[in-house]
Amino acid sequence: MSTLREPTRGTRLVLAFPVGMLAVFFLVPFAIMLATSFYHRIEGGFYTPAFELDSWRRLLQPVFIERTLFSIGICLLAGAVCIAVAFPFTYFLTRMRRRPHVTLLVLILSALALSEVIVGFAWSVLLGRAAGLSNVLVWLGLMGEPRAYQPSFLAVLVGLCYIAFPYCVLTLYPQLTRLDPELTEAAQTMGASPWKTFWTVVVPIGRPIILAGFLLAFVFTLGSYLIPAFLGRPEHWTLSVFISDQATFNANVPFAAAMALFLTALSLGVVGLVTWIEGRTRR
Amino acid sequence: MDARARGSLRLEGLVKRFGEVEAVAGVTLDLPPGKLISFLGPSGCGKTTTLRMIAGLERPTEGRIYLDGEDITDRPPHLRDIGMVFQTLALFPHLSVAGNIGYGLRIRGVPRAEIDRRVNELLALVSLQGLGDRRISQLSGGQRQRVATARALALEPRLFLLDEPLSALDANLREQLQVELRLLQQKLGITTIMVTHDQREAMTMSDLVVVMNQGRIEQVGEPLEVYRRPETAFVASFIGRTNLLRGEAADGVVRIAGRPFEVDRAVTAGPVTISVRPEDAHLSTTQTPERNALPGRVVFVRDLGELFECYVDCGLGEPVVVAGSPRERVHVEQGQPVGVTFPREACVVVEA
């Protein structure tokens with residue numbers, strides 16, 4: 001264990017930079033947004049400083065409550081699907097030989113270079129009728145004629161999972177690489193098949209990182225607004241879509257600010273709740 | 001099947017290559033049931049790889065493994081009926097002590113009450129009564145070692161495999177647990193294979209020692225036999241300490257530094273190396289005998305109270321070490337001319 005030392009002047013100087021950046025580019029905008037959410041909106045795109053609760057009150061409309069529940073629901077689902085695929089994937093990745101291991105990892109990480117716009121368009125083409133995946137099925141003779149799978153709930157879910165997947169892998173990777181192979185070997189010498197070993201040793205030991213990856217995917221997809229807008233109908237839109245809609249098209253910045261703050265508080269709330277439940281159920 | 005034949009193991013021409021590297025280069029061995037056998041050798045000698053092939057954790061490149069006459073070479077580890085203690089112990093951090101010990105039983109679907117009964121039995125066996133509910137992180141090193149042992153024995157396996165099982169412990173505790181583990185093994189009469197690089201550990205615990213070097217078996221024998229009658233220079237110097245004396249044999253007589261030596265067996269003409277244990281050599285401060293002795297000068301004296309050691313430069317390059325108990329202590333001083341005698345029966349030919 002290292003002991004904490006009194007920071008020297010040099011340390012302070014080095015620390016000043018990230019602290020300063022955080023203050024200027026996170027705290028200040030956050031404070032501005034908080035203030036804006038109470039401002040008075042003027043029809044036609046402007047707002048003046050004031051203190052009124054109109055924007056916040058609008059959040060209580062049934063349509064927004066319903067959107068909120070939908071957003072949380074679809075993002076929890078996306079997080080669950082993501083982690084359910086990413087955990088076994090990453091586990092087997094870390095157990096591979098070096099060459100395919102590195103190749104796959106690089107491939108996964110290169111998906112991070114794609115902007116959400118490109119991912120959204122790509123999926124909308126892939127799930128579309130003109131040049132989509134269904135054409136392959138038709139070509140294989142498995143389907144009569146091509147059809148479109150978007151816009152739909154499933155298309156949004158697929159898109160959200162796609163953008164969150166590399167982050168899930170990145171969260172799981174360091175820990176799973178460090179998982180002592182002797183643990184799974186020990187289970188096998190005691191009669192556990194590879195499948196049983198995975199469920200009785202790897203998953204329980206990985207529980208904290210499974211939760212971390214799940215929450216990351218949840219928060220990350222909750223912030224995505226392009227994917228639901230591209231791949232879903234309005235009834236599949238999440239709160240993020242409405243925020244960007246209000247800010248850019250309706251030019252209602254105070255309301256967008258209130259919604260954004262609400263969404264932040266909401267995701268923090270869900271993260272807190274899930275962590276609390278996990279802590280209680282762990283022996 | 002005859003109960004006494006349970007756990008007899010036969011290795012037939014085992015080879016394991018990792019790419020270009022040959023970790024195990026042809027090991028053939030018959031291991032008797034109910035005994036404790038040590039694979040002893042320096043790191044990288046292939047002992048752990050051999051053990052892992054027996055456990056099924058490594059697939060042999062060539063060769064077969066038979067357990068009680070049955071070919072188990074292609075059987076996955078979970079169907080092999082073995083118990084193993086790993087070098088890192090590999091205790092499950094997410095389970096309690098009882099959960100770890102009962103893991104194999106739970107996997108097998110043994111009823112809850114039966115598991116509890118058996119776990120308590122095993123806890124008693126390794127003197128950990130009442131600690132079943134502890135978490136692994138709350139245990140000391142010695143207690144963890146005992147949990148790993150109990151866990152490996154829970155399913156009453158045919159083979160008990162130990163991969164450097166005590167290497168994580170400090171010296172005193174290690175010696176204590178060596179005795180405990182050996183007594184436990186004798187009580188259960190289970191065929192046990194232990195990998196170790198510590199010759200003291202192997203001597204303390206084994207019925208049979210298999211000395212390995214560079215992927216091959218150098219010698220198999222009972223501990224004292226291997227110590228007293230090493231067959232190669234490697235075995236002589238790896239098991240305990242020794243003085244290796246190089247000379248020439250001609251007309252049935254060995255000459256070392258020009259002096260005649262009688263040795264433990266007949267030798268053919270040519271270069272020859274003999275091994276003499278430090279405790280078998282003697283100092284003489286009077287006249288140096290003509291046969292089986294070398295004159296020299298005391299370089300260094302180490303007197304540890306329980307053990308007395310004298311380093312003598314006999315002009316052979318390396319000093320000859322003479323060791324004895326305090327009762328046999330001969331008073332010598334640094335720089336004093338002395339003679340070192342090597343009794344005939346202690347001169348073991350290791351290379352001829």
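Reader: What does the charged end of B:Arg277 sit over?

Author: The ring of B:Tyr227, with 4.0 Å to the ring centre. A charge sits over a ring if NZ of Lys or CZ of Arg is within 6 Å of the ring centre and within 35 degrees of the ring normal. This is a predicted model, where local features need pLDDT of at least 70 and side-chain atom pairs count only at pLDDT 80 or more, while totals for chains, interfaces and linings use all residues. Residues are numbered from 1 along each chain as its sequence is written, chains are lettered from A and ligands numbered from 1 in the order in which they are written, and side-chain values use heavy atoms, without hydrogens and water.

Reader: And which residue lies over the face of B:Phe92?

Author: B:Arg151, at 4.7 Å from the ring centre.

Reader: Switching to ring pairs. How many aromatic pairs are there over all chains?

Author: The count is 22. Rings of Phe, Tyr and Trp (its six-membered ring) pair if their centres lie within 6.5 Å; planes under 30 degrees apart are stacked, over 60 edge-to-face, the rest tilted. One of the pairs is A:Phe121 with A:Phe230, which is tilted, at 4.6 Å centre to centre and 35 degrees between the planes.

Reader: Which parts does that pair tie together?

Author: A:Phe121 is in helix α5 (residues 116-126) and A:Phe230 in helix α11 (residues 226-231) of chain A, so the pair joins parts 109 residues apart in sequence. Helices are DSSP runs (H or I, at least four residues), numbered from the N terminus.

How values were computed
Helices (H or I, at least four residues) and strands (E, at least two) are DSSP runs, numbered from the N terminus.
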